[in-house]
Amino acid sequence: MNEVLRQEKKFLITLQQYYEFSHIFSKILSLDSHSHGDGYEIRSLYFDSLDDRDFHEKEDGIELRRKIRMRTYGADTPFAMLEMKQKQGQLQKKRSLKMKREDAEALILGNYSVLLKYSEAFAAECYAIMNMYCYRPVCIVSYHRKAFVAKENKIRITFDHHIVANESDFQIFSSKLNQYPVLDPYLVVLEVKYNGFLLSYIKDVINTIDKSELSVSKYCLGRSIRKHYLF
């Protein structure tokens, strides 16, 4: 089980700004080992309760809230990461559990007992929460991510673009997953993730962004049709 506690800042920038800032960060930071070209694919399958508790808490701006998701890196990924993100004031706490592909597929079908195979306390916690509140899959969100890192303070700068979603097919490992855009393809989500403080030379670059900090939720974007009826 992996646990990360950090601060996150998000900005919605244009595609032109993405290329400009990506070029700047390539000169001062290291490219994430998974990144090449315009980045690597990420797929996130979100779970929520029968009454969409997590969605409404996010929409209502509840200070203490959580999201449960399963993450893969394309159809051929041999494993999945079950993750829980918890908002705690200015901080984001993320815990994750690496699952076998067959266990992940069983979990998608509602067999939460596969979590009891894992010895980590986090697996037991997810099992209890998902059963207690009747969690079920609600949407898949996919996008490409280009990421830069500063090892000195575990800082990550990520650019997420071409965000698409599906609210009816939850086969996250499928090579034929049919998805549709949920964000203008000429817009990019820039995320700044850091522990404690930002290094000054990175902060100087971020301060040149001609955009206000926003709360951009990929999960809420993924629910845009069913919850906001955007036909």
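**Pockets, strands and cysteines in a predicted model**

Let me start with the second largest pocket, where E1, strand E7 (136–150) and strand E8 (155–166) each supply at least two residues of the lining. What we are looking at is a predicted model, in which local features need pLDDT of at least 70 and side-chain atom pairs count only at pLDDT 80 or more, while totals for chains, interfaces and linings use all residues. Residues are numbered from 1 along each chain as its sequence is written, and side-chain values use heavy atoms, with hydrogens and water left out.

Helices (H or I, at least four residues) and strands (E, at least two) are DSSP runs numbered from the N terminus. A pocket, on a 1 Å grid over the protein atoms alone, is an open set of points where a 1.4 Å probe fits, with protein on both sides within 12 Å along at least five of seven lines, and lining residues have an atom within 4 Å of a point.

Within that second largest pocket lies about 220 Å³ of space, a volume being the space filled by probe spheres set on the points. E1 gives the largest share of this lining, 4 residues, and by class the lining has 4 nonpolar, 2 polar and 5 charged residues, where Ala, Val, Leu, Ile, Met, Phe, Trp, Tyr, Cys and Pro count as nonpolar, Asp, Glu, Lys and Arg as charged, and the others, Gly among them, as polar. Among the lining residues are Asn2, Arg6, Lys151 and Asn195.

What is the volume of the largest pocket? It is about 980 Å³, and 44 residues line this pocket, with Arg6, Glu8, Lys85, Lys94 and Lys193 lying nearest its centre. Here too E1 provides the largest share of the lining, 7 residues, and the classes are 12 nonpolar, 10 polar and 22 charged.

Lysine 193, one of those nearest the centre, sits in strand E10 (residues 187–194). Is this lysine buried or exposed? Lysine 193 counts as buried because its relative accessibility is 4%, given that buried means under 20% relative accessible area (1.4 Å probe, protein chains only). Its side chain is joined to that of glutamate 191 by a polar contact of 3.3 Å, that is, a pair of N or O atoms within 3.5 Å, one able to donate a hydrogen and the other to accept it.

Turning to the strands, E6 (residues 91–100) is mostly covered, with 7 of its 10 residues buried. Strand E1 (residues 2–14) runs antiparallel to E6 and is joined to it by 6 bridges, two strands being paired if DSSP finds at least two bridges between them; asparagine 2 stands opposite serine 96. Strand E5 (residues 79–88) is also antiparallel to E6, with 10 bridges, and lysine 87 has glutamine 92 as its bridge partner. The hairpin of E5 and E6 has 2 residues between the strands, and glycine 89 takes a positive phi near 65 degrees there.

Finally, the cysteines. How many disulfides does a search of the whole structure find? The search finds 0, a disulfide being a pair of cysteine sulfur atoms within 2.5 Å. For cysteine 126, the nearest cysteine sulfur, that of cysteine 134, is 16 Å away, and cysteine 126 counts as buried because its relative accessibility is 0%. For cysteine 139, the nearest cysteine sulfur is that of cysteine 220, 9.1 Å away.

How values were computed:
Buried means under 20% relative accessible area, exposed over 50%, partly exposed in between (1.4 Å probe, protein chains only).
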